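Please look over the sequence and the model below before reading on. The report then takes up strand pairing and aromatic pairs.

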Amino acid sequence: GAKISVTYGRPYAKGRKIAGGLIPYDKPWRTGADEATTLVTDKALMFGSTHVQPGTYTLYTQAREGGTWQLIINKQTGQWGTEYDQKQDLARIPMKVGKTSAPVEQHTLEIADTPSGGELRLSWENTLATVPFTVMK
């Protein structure tokens, strides 16, 4: 019931180490390449207990070795991907991390429909990180 878009750069693995390499552990990553990754929604969303009003946001990801990853929803927009201001964070939402069924060469973000709303999925190399959300009425 919502119009949601994600705009991001799609780097290739090209034999490089991804988790713990191109995606650094324990610090925010731009969730793509080049310009900051943006999420635009025309309806209010709920990520866990976080209410996200309609609008434009920047997405970052914080990976943890052997631990829970976090999706960072940031209110600052229009910046280059490496320009991160933690004071602009709207929320940090835990992501479920698992393995992909096959290696993924090009970084991919997708929004999948689910019975309860949707799921944002990040896949690259052998890692799949997901976070569910619901569309508010």
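The sections below describe some strands and then some ring pairs.

## Basis of the model

This is a predicted model, in which local features need pLDDT of at least 70 and side-chain atom pairs count only at pLDDT 80 or more, while totals for chains, interfaces and linings use all residues. Residues are numbered from 1 along each chain as its sequence is written, and side-chain values use heavy atoms, with hydrogens and water left out.

Strands (E, at least two residues) are DSSP runs numbered from the N terminus.

Two strands pair if DSSP finds at least two bridges between them. S2 pairs with strand S1 (residues 4-7) in the antiparallel sense over 4 bridges. S2 also runs antiparallel to strand S5 (residues 55-62), joined by 5 bridges. Thr 38 in S2 stands opposite Thr 7 and opposite Thr 58 in S5.

## Aromatic pairs

There are 3 aromatic pairs in the structure. Rings of Phe, Tyr and Trp (its six-membered ring) pair if their centres lie within 6.5 Å; planes under 30 degrees apart count as stacked, over 60 as edge-to-face and the rest as tilted. Phe 47 and Phe 133 form a tilted pair, 5.3 Å centre to centre with 35 degrees between the planes. Phe 47 is in strand S3 (residues 45-47) and Phe 133 in strand S8 (residues 117-135), 86 residues apart. Both Phe 47 and Phe 133 are buried.

Tyr 60 and Tyr 84 form an edge-to-face pair, at 4.7 Å centre to centre and 70 degrees between the planes. Tyr 60 lies in strand S5 and Tyr 84 in the loop between strands S6 (69-74) and S7 (89-114), so this pair ties together parts 24 residues apart in sequence. Tyr 60 counts as buried because its relative accessibility is 1%, whereas Tyr 84 is partly exposed, with a relative accessible area of 25%.

Note on methods: Buried means under 20% relative accessible area, exposed over 50%, partly exposed in between (1.4 Å probe, protein chains only).
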